[in-house]
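Dear colleague,

Please find below the structure that I am handing over to you. My notes on what was found in it follow directly after.

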Amino acid sequence: MTRQQPTIIQGGMGVAVSSWQLARTVAQHGELGVVSGTALDCVLARVLQDGDRGGHARRALAHFPDQEMVHRALSTYYLPEGRQGRPYRPNPTLTIDASRKAIELSVLGNFAEVWLAKEGHDGLIGINFLEKIQMATPSAALGAMLAGVDYVLMGAGIPREIPALLRAFAAGKPGSVTIDVAGATGTHASVVDPVAVLGEHLPQLRQPRFLAIISLHTLAAYLYRDEDIRPDGFVVEGPAAGGHSAPPRGKMTLDEHGQPVYGARDLPDLDRIAAIGLPFWLAGAYSTPESVAAALAAGAAGVQCGTVFALCQESGFDRAVLAQLLAGLGEGSLVVRNDPRASPTGFPFKIAGLAGTLSDEETYLRRPRLCDLSYLRTPFERADGKVGYRCPAEPVEAYLKKGGQLGETVGRKCLCNGLMANIGIGQHRKDGYEELPAVTLGQDLEGPRRLLAAHPEGWTAGQALDWLLSGVRQPSPAR
């Protein structure tokens, strides 16, 4: 019988850094393995163009209920011999009113990642979405549910519409997410109808549990008070957590390293969160046996850990990137900066300082500004009432023509392309430019340092779990 409430949640990181291989291993050890739900349409398209080494994507897609949809994707993207040095073929962009091709690829990409993570065991698998990537959420959630995902997690915003979206899909009805459109004079929504997408091939879907990733008790109380938006639990994330983090409350103040300064107002009241009565997990600097024990003592169901898993052997990081990270960790030179400008979303974003990546200012400035993957674009309403799309990391002149402000472009990095390069599928452009990584980790490196000291050649996800749980209980055996 599968345990329904884990002690350890393995974080959903980057683009496929929390890979299906990693999530599967964590689930096999009795905890919650989580795949990243960001840009899995592009990941699938590029994996297929690289020849689908090992045949994993095609093995998953062979179990998709609509094989005609699978055939359309394979005929478009699958190259048995790989790209032979050619650039990746672009995949269709997800917009508010996305094309059929874009929706299908998103559904297939999320299905394949979750299906592979769940293959061969009865453990728990979750998928992590970003509220800031709203236009991709309905099709991604549908694909994950078709594969039987157990949990959906979402942060980087206020995820009030996700419970209703999951209920609608479980009932076989259209699901929608309201889209934040700059300057909007009306309401805009991205709607996906599972019957229209799959027709007679639509199976009965099971509603997954939903965990809202929050930073303050006030948001927990807001989401709890209305059953229509109420999650099944919370992940309470502190400022040290990797990826995007909530900005400090009040006026932004930077320290001597140019990082946002957080104070007492930015810390959650755990007693008030516990009083709500829903299970919660603590994240951000909770990656040691002592912090796991402390979280449980504070009333939490457990912890969510990212960096200790991002740096393990099953991580989706490109092997050269992982080796560089571990070398810096061992030497004591690895530093993770909370950059208030890097992300086009406007949220602070953790960037690991690595030579030859976009964390280096000269390397960043040499990169041609462009926006072709477009997951972090902002929709805006034009004067004629139609919706356009802009990104502060795109060419400055193009951004200004779309009504953007010059100050919004300063320091913005193309995270979409950088995160693809992290996992070895960065674009190689016709002009010879090769996209470079933009690595994100949490700022608390104590757990990874101690694991590296115990495992100088690197550690597995199972070894990380055994260590994390060593102070609270005997870890579950691998399934």
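Helix H2 provides five residues to the lining of the second largest pocket, the largest share. The model is a predicted one, in which local features need pLDDT of at least 70 and side-chain atom pairs count only at pLDDT 80 or more, while totals for chains, interfaces and linings use all residues. Residues are numbered from 1 along each chain as its sequence is written, and side-chain values use heavy atoms, with hydrogens and water left out.

The second largest pocket has a volume of about 730 Å³. Its lining comprises 28 residues, and the closest to the pocket centre are Trp-20, Gln-21, Val-47, Ile-423 and Ile-425. Two or more lining residues come from each of helix H1 (20-28), helix H2 (40-49), H3 and H5. Helices (H or I, at least four residues) and strands (E, at least two) are DSSP runs, numbered from the N terminus. On a 1 Å grid over the protein atoms alone, a pocket is an open set of points with protein on both sides within 12 Å along at least five of seven lines, whereas a cavity is a set of points where a 1.4 Å probe fits but cannot get out; lining residues have an atom within 4 Å of a point. Grid points are joined across faces, edges and corners, and a volume is the space filled by probe spheres set on the points.

The largest cavity contains about 110 Å³ of space. It is lined by 13 residues, of which Thr-93, Leu-94, Leu-373, Ser-374 and Tyr-375 are the closest to its centre.

Thr-95 is located in the loop between helix H4 (67-77) and helix H5 (100-118). Thr-95 is buried, at a relative accessible area of 18% (buried means under 20%, exposed over 50% and partly exposed in between, with a 1.4 Å probe and protein chains only). Its side chain reaches the backbone oxygen of Asp-97 at 3.2 Å. When residues up to four places away in sequence are not counted, Thr-95 touches Met-135, Ser-190, Arg-377 and Tyr-389, where contact means heavy atoms within 4.5 Å.

Cys-391 is found in the loop between strand E14 (387-390) and H15, and counts as buried at 5% relative accessibility. Cys-391 and Thr-345 are 46 residues apart in sequence, and their C-alpha atoms are 8.7 Å apart in space.

Tyr-399 is likewise touched by Thr-409, as are Arg-341, Tyr-364, Arg-369, Pro-392 and Val-396, not counting residues up to four places away in sequence. Thr-409 belongs to the loop between helix H15 (396-401) and helix H16 (415-422), and is buried with a relative accessible area of 4%.

Tyr-364 takes part in a further arrangement: the charged end of Lys-413 sits over its ring, 4.4 Å from the centre. The charged end of Arg-83 sits over the ring of Tyr-88, 3.7 Å from the ring centre. The criterion is that NZ of Lys or CZ of Arg is within 6 Å of the ring centre and within 35 degrees of the ring normal.

How many aromatic pairs does a search of the whole structure find? The search finds one. The ring centres of Phe-64 and Phe-111 are 5.0 Å apart and the planes lie at 85 degrees, so the pair is edge-to-face. Rings of Phe, Tyr and Trp (its six-membered ring) pair if their centres lie within 6.5 Å; planes under 30 degrees apart count as stacked, over 60 as edge-to-face and the rest as tilted. Phe-64 lies in the loop between helix H3 (56-61) and H4, and Phe-111 in helix H5, so the pair ties together parts that are 47 residues apart in sequence. Phe-64 is buried at 3% relative accessible area, and Phe-111 is buried at 2%.

Finally, ten of the ten residues of helix H6 (residues 137-146) are buried, so H6 is largely enclosed by the rest of the structure. H6 is followed by Gly-148, whose phi is positive, near 85 degrees.

Yours sincerely

Methods. Polar contact = N/O pair within 3.5 Å; in protein donor to acceptor, adjacent residues only side chain to side chain.
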